[in-house]
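Have the sequence and the model open side by side.

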Amino acid sequence: MSGVTSTTSPRKGELGVERRVGVDRFDRTPAKTDKARSLRRAMTGAEAKLWSHLRNNSMHNVAFRRQHPMGTCVLDFYSPAAKLALEVDGGQHNEYLQARRDTARDGWFAEKGIHTLRFWNSDVLTNIDGVLETIWRTIDDRLSPGSTPTPTLPLSGGGGKSEFAS
């Protein structure tokens with residue numbers, strides 16, 4: 001039923017809010033939540049090392065979520081504010097079929113405005129400063145003025161002629 005609109009709100013207490021059924025990027029199910037929780041408990045050494053640097057909003061005061069379900073997959077780390085996904089990959093991601101899946105997945109995220117950075121486990125474990133610098137610069141680029149259009153706000157007072165104007 002992709003593309004069908006519903007007036008049911010995803011949040012308790014809201015009325016009349018439209019959302020697209022079947023295309024909610026935060027489509028949560030108990031199974032996806034359970035999978036994300038188990039992945040959080042079983043983080044790799046490289047993921048744990050990177051998380052120790054990302055937690056507590058330590059990168060540009062930007063929050064990251066770990067093992068965040070999105071679409072049909074679970075992202076290693078995700079920042080909603082920067083629309084940035086971080087993936088920490090092992091050697092299996094170098095195999096042809098897995099690399100193709102990763103490319104398709106990254107393309108799907110790009111269509112949603114989400115940028116993906118991929119790092120090898122070995123880079124995180126042996127060159128954490130370089131990994132953090134790359135993340136820092138990417139966040140800086142994505143959050144800097146001019147990187148996203150800011151809507152023009154109307155002048156205070158509505159911008160119309162005042163009855164007191166001469």
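Is Leu-75 buried or exposed? Leu-75 is buried, because its relative accessible area is 0%; buried means under 20%, exposed over 50% and partly exposed in between, with a 1.4 Å probe and protein chains only. This is a predicted model, in which local features need pLDDT of at least 70, side-chain atom pairs count only at pLDDT 80 or more, and totals for chains, interfaces and linings use all residues. Residues are numbered from 1 along each chain as its sequence is written, and side-chain values use heavy atoms, with hydrogens and water left out.

Leu-75 sits in strand E4, residues 73-79. Helices (H or I, at least four residues) and strands (E, at least two) are DSSP runs, numbered from the N terminus. Contact means heavy atoms within 4.5 Å. Not counting residues up to four places away in sequence, Leu-75 touches Arg-66, Gln-67, His-68, Met-70, Ala-85, Glu-87, Arg-105 and Phe-109. Take Glu-87: it lies 12 residues from Leu-75 along the chain, and the two C-alpha atoms are separated by 6.7 Å.

Gln-67, one of those partners, belongs to strand E3, residues 65-70. Its phi is positive, about 50 degrees, although Gln-67 is not a glycine. Gln-67 is also buried, because its relative accessible area is 1%. Lys-83 likewise has a positive phi, near 50 degrees, in a residue other than glycine. Lys-83 is placed in the loop between E4 and E5. With a relative accessible area of 28%, Lys-83 is partly exposed.

Now step back to the whole chain. The protein has five helices and six strands. From the N terminus on, the elements run β-β-α-α-β-β-β-α-β-α-α. Of the 166 residues, 27% count as buried. Among contacts with a separation of 6 or more, 54% join residues 24 or more positions apart.

Next comes the interior. A nonpolar core is a set of buried Ala, Val, Leu, Ile, Met, Phe, Trp, Tyr and Cys residues joined through side-chain atoms within 4.5 Å. The largest such core has 20 residues, and Leu-50, Phe-64, Leu-86 and Ile-135 touch the most other members. Helix H2 (45-54), strand E5 (84-89), strand E6 (115-120) and H5 each give two or more residues to this core. H5 supplies the largest share, five residues. Apart from this core lies another, of seven residues, among them Met-70, Cys-73, Tyr-78 and Ile-114.

Phe-64 shows the packing in detail. Leaving aside neighbours within four places in sequence, its contacts include Trp-51, Leu-54, Phe-77, Leu-84, Leu-86, Ile-135 and Ile-139.

How do H2 and H5 meet? Two packed helices are described by the angle between their axes and the distance between the axes. The axes of H2 and H5 come within 11 Å and cross at roughly 50 degrees. Axes here are lines fitted to C-alpha atoms, for helices over the stretch in contact, and angles run from 0 to 180 degrees between N-to-C directions. H2 and H5 are therefore oblique to each other; under 35 degrees counts as roughly parallel, over 145 as roughly antiparallel, 65 to 115 as roughly perpendicular and the rest as oblique. At the contact, Lys-49, Leu-50 and His-53 in H2 meet Ile-128, Val-131, Leu-132 and Ile-135 in H5.

Finish on H5 itself. Thr-138 is found in this helix, residues 128-143. Thr-138 counts as buried, because its relative accessibility is 12%. Leaving aside neighbours within four places in sequence, Thr-138 is in contact with Leu-84, His-115 and Leu-117.
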